[in-house]
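Please keep the sequence and the model open while I talk.

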Amino acid sequence: MLFTSLKIIIKFIPNFIDSKTSGVSVAAKAAQSQQIPTRSRHVFLDNERSLKPINQQFNRLIKRARTQGDAIGIGHPNTATLEYLSAVLPLLDEAGIDLVSASELVPGYKALSHKASSAEPESIAQLALMPE
């Protein structure tokens, strides 16, 4: 079923980000087997939906971006996460971190259209960081 779904999806999206919300996720492996360019998230921001744990996870995301060259984080559009991101995202440029669509970090990235490649992230819950 997953492979059939991925074959259909590839007609509509040029790449895949695995959220890895399960420790046994096979989505990335399945997408790669279908030659779909794939990446997986590095940090889940809001397993705990309060500011302190979200801050700790965001700092892990920043550290990963600085040490590895990029980082993909995901989270939910809940009050705590949105409040936190609203406060810190404007500070990233000053910290030397670029915010880009997570899809841009997938090998062979191709935008679907002008809309898909605009400066706005695909969703507030999917973000990627890269040191300048």
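Predicted model: local features only at pLDDT ≥ 70, side-chain atom pairs only at ≥ 80, totals over all residues.

Let me begin with a definition: a residue is called buried when its relative accessible area is under 20%, exposed when that area is over 50%, and partly exposed in between, with a 1.4 Å probe and protein chains only. On that scale, buried residues make up 39% of the 132 residues in the chain.

Residues are numbered from 1 along each chain as its sequence is written, and side-chain values use heavy atoms, with hydrogens and water left out.

As to secondary structure, where helices (H or I, at least four residues) and strands (E, at least two) are DSSP runs numbered from the N terminus, the chain has 4 helices and 6 strands. Read from the N terminus, their order is α-β-α-β-β-α-β-α-β-β. Taking contact to mean heavy atoms within 4.5 Å, we find that, of the contacts in the chain with a separation of 6 or more, 71% are between residues 24 or more positions apart. The accessible surface, from the Shrake-Rupley method with a 1.4 Å probe and, for residues, with only the protein chains shown counting as cover, comes to about 7,900 Å² for the chain, and 55% of this belongs to carbon and sulfur atoms.

Now to the helix pair. How do the axes of α3 and α4 cross? With axes taken as lines fitted to C-alpha atoms, for helices over the stretch in contact, and angles running from 0 to 180 degrees between N-to-C directions, the axes of α3 (residues 51–68) and α4 (residues 79–88) come within 10 Å and cross at roughly 55 degrees. That angle makes α3 oblique to α4, given that under 35 degrees counts as roughly parallel, over 145 as roughly antiparallel, 65 to 115 as roughly perpendicular and the rest as oblique. On the α3 side the contact is made by Leu51, Ile54, Asn55 and Phe58, and on the α4 side by Ala80, Thr81, Glu83, Tyr84, Leu85 and Val88.

Two other residues of α3 are worth a look. Lys52, also found in helix α3, is exposed at a relative accessible area of 62%, and its C-alpha is 9.4 Å from that of Tyr84, 32 residues away in sequence. Arg66, again in helix α3, is partly exposed, with a relative accessible area of 46%, and 9.4 Å separates its C-alpha from that of Gly96, 30 residues apart along the chain.

Finally, two loop residues. Leu45, in the loop between β3 and α3, counts as buried at 3% relative accessibility.
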